[in-house]
Amino acid sequence: MNMPSEQNNKPKLSRRQFLTAAGGVTFAVAAGAMGFKYFAEPGKNKKTLPDQEITAWVKLNPNGEIIFYNPAAEMGQGSMTALAVIFAEEMDADWDMVRIESAPVEPDTYGLQWSGALGGPMLTVGSRTIRGYFQALRHAGAQARNALLQLAAAHWGVDIGQLSTEPGTVVDAKGKQRISYGDLAALMTDTETSIELREIPESAWKKPEEFRLIGTDVPRRDIPAKVDGTAQFAMDVHLPGMLYGSVLRTPVHGAKPTLKNETDIRKMDGVLEVVMLDHGVGIVADNYEKALKAKRALQVDWSQDAQAQGYDSEAAFAKYQQLARQTTADSRKVSESGNYSGAMRGAQKTYDLEYRNDFLYHAQMEPLNAVVSVTSDKKSAEVWVGTQGMDGSRKAVADALGIEFEQVKFHPCYLGGGFGRRSMSGYVEEAALLAAKVDQPVKLIWTREDDVRYGAFRPISVQRMQAGVDETGELVAWGHYIAGTGGGLLGSAGKCDYYSLPNHRIEVRNIDEGVRTKHWRSVSHGANKFAIETFLDEIAHDLGRDPLNFRLRLMREHPREMKVLKEVAQMTDWGNAAIPEGRARGLSVTDHGGSFAAGVAEISVDEQYKIRVHRFWTAVDAGIVVQPANTKAQIEGGIVMGISSVLQESITFKDGAVQQSNFHDYPLLRMADVPEDIEISLIASEGAPSSIGELSLPLVGGAIANAFLSLTGTPLRHIPFRPEKVKAILNA
Amino acid sequence: MTTSFKLNGKSIEVETAEDANLLWTIRENLQLTGTKFACGIAQCGSCTVHVDGVPTRACITPLASVAGKSVTTIEGLSEKKLSALQEAWIAEQVPQCGYCQSGQIMQAAALLAENPSPSREEIVNHMNGVLCRCGTYLRIIKAIERASTSA
């Protein structure tokens, strides 16, 4: 079994145990909350260093092996390799000697604050891992390298100034001697040498032109295990005596269960426990198929008092539309500048259009699951889980059992997809509540139907877009009113800093419906950029302006973004390319977390009114790119998921309940429907690394709708663009 | 119920309930967890194994139906060393989250066994039943093409 730590499936020792248990370990670089400490002999230093201070990014073994502690979840984005690359770069480590293990769940040391400083939650979200850890890991790597230089200087009795490093080796050019990092580590076993861990100013770190790992295509370390079937997802954990859990959850969020046939259920073959939960009924059985059988036999009355009772997503559009149209409403301002109302009044021509999007389901391929083992005294527990929120999940188990955070041993597993769904920890809590009732470990497995029906969805919304143009066709006023259910999720990406819109007003208007919504890859960028970019093309179309030139004009004060847009125009030979008969191209742009991207889709519509995306081009400025090939894989994946969401996906509610249940009625894009080619250009940059994982998906809705407008003269204003909707629009 | 069949080349006998299913038996009883559960209704292909060489969705396959047959899982595809197909998968850096990849590889292996040099259209037709949420499809195509030309 291969866990994200590249270890076997033995329970991972905590950092503290590791230091005391590993006799051969000679030294480690330990990072306190801000400063670093060095300790030569683990046993000895343990006495002087309180446990909580023994934390580290790296451990160097005498055999030269360098263990890097990965603080982030690995859900397919590849950051486990990229973070190690960043550290190894500055440490000047021999990459072949680097091994990756999961960091202990100690958020004070390994977590990330929203400001980018260390010491926040260990929460892998928001495409923030590489950009968040980049500077801290470079500094830590530079410090580790400096410590090794100090060691070598002491060993040889020479001035540190005459030493340099080559990958994995300290070199004394003057004295003509060399020593490997591993041999330096070995020296530490019998030395009392005290090494000062120094602050290394950024000016002394490598210059981008000196990088030998960053910017090259280092193969991902998780891939071999994902190709031979040994990669360990929580779903794959097997413990002696393990039992199986299944939960019947309320169809209407917030309704409470009353179980009518508990006695009969308890008599069923293999059933060991029936556990009442606030939102459902849990079964623990000695076999998963038996647990499912018992779950199917449950007879439950659900309370009729839930807020979501009666919610109908199709009917709700009218409410959101009305709310979006109100001139005064209880709004949250996303951004406002200039004199919007005055500019609208003074405009030569105004536009007022609405765009819509349905709820979306994450559809990560691995259904939610977790394994929890509670000791018989109920005072401690272990959890195996794939989660985006490591400390959050560990805390969820502790809270469910009423024990301390420290009493929960946490085993991170690979995530079979996250996309935001695994940033919630309800499924981990459920596993803990089931495991608390028995003396054996419990593996809780959600079925796909559970995963869909008790999903937490990208919000539904109606977006009212208003604009005014002057007599020269210049945009002088811009209004964007986002109304729906999803609270703070709704406003993501409303503001477009790369367009000069001096008089604008952007507002969010939310109705709490009691249904579950959550961050979904790119949050509401997917819906909002669709509305913004499609609206722009509709205006350009009306004014007889070219969509590219129209945007370039809006970007006149933003050269960085303009460069990206021009790059995609060049890639596609915009305006001059010979486009096959029956096809058209559409353009869109997006920002995300400091990055910027521009995309072009080439589409056609077949006889069954199905939109086909034949080709897709993207230009991206994401600052310094640590792993270019993997970055392209992420951009490509975002485009494919974007096409899937825009052409096919929709969650609807009737009577408060989700109407879909599995991939037959929530279809995902299949191989036959991916573009023949996705071409990606990464703009060379020495800017700070910025967002990648969520950058490309928001391009797709606008690019497809704009290509459709160009092809048919008809706009698409409601995601998804399924054939029946396309047919109705074209025949209207 | 006792069911005898060949699993990854070895004859085995398992004792299960009458209505046991192949996927859960492989994953939980026999602890070969490379084969994944993802939909349970043969819509996604993550659970694909070979039954007498034919790619089969284990999630809807009754265990009784493989009695006397030969079942191969991802673990059996690479017992000694990785197949050329798996090497191609690494060379193309196909997986992202990786969860569907065992199913993708088993589906692809069955194609190459029948048709060592498939066209792109043949690849797409054969692979269309296996879902990937991370969007690795284009790389899957490249890996199969690489394995077919190197075969």
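Buried is used here for a residue under 20% relative accessible area, exposed for one over 50%, and partly exposed for what lies in between, with a 1.4 Å probe and protein chains only. The model is predicted, so that local features need pLDDT of at least 70 and side-chain atom pairs count only at pLDDT 80 or more, whereas totals for chains, interfaces and linings use all residues. Residues are numbered from 1 along each chain as its sequence is written, chains are lettered from A and ligands numbered from 1 in the order in which they are written, and side-chain values use heavy atoms, with hydrogens and water left out.

Over all chains, the whole structure holds 52 salt bridges, a salt bridge being a side-chain nitrogen of Lys or Arg within 4 Å of a carboxyl oxygen of Asp or Glu. One of them joins the side chains of Arg220(A) and Asp222(A) at 2.7 Å, N to O, and both Arg220(A) and Asp222(A) are buried. Another joins Arg325(A) to Glu354(A) at 2.5 Å, N to O; because Arg325(A) belongs to helix α10 (residues 313–325) of chain A and Glu354(A) to strand β15 (residues 349–357) of chain A, the pair ties together parts that are 29 residues apart in sequence. Helices (H or I, at least four residues) and strands (E, at least two) are DSSP runs, numbered from the N terminus. Arg325(A), at 44% relative accessibility, is partly exposed, while Glu354(A), at 17%, is buried. A network of salt bridges links Asp236(A), Lys443(A), Arg27(B), Glu28(B) and Lys36(B).

In chain B, five strands form an open sheet in the order β2-β1-β5-β3-β4, with mixed pairing, where two strands pair if DSSP finds at least two bridges between them. Strands β2 (10–15) and β4 (54–57) of chain B stand at the edges with a single partner strand each, and therefore one side of each is left without a neighbour in the sheet. From one strand to the next, the twist averages 40°; axes are lines fitted to C-alpha atoms, for helices over the stretch in contact, and angles run from 0 to 180 degrees between N-to-C directions. Helix α1 (residues 22–29) of chain B packs on the sheet, touching β2, β3 (48–51) and β5 of chain B, and its direction makes about 105° with that of β3(B), contact meaning heavy atoms within 4.5 Å. Helix α4 (residues 101–114) of chain B lies across β3, β4 and β5 of chain B, running at about 35° to β3(B).
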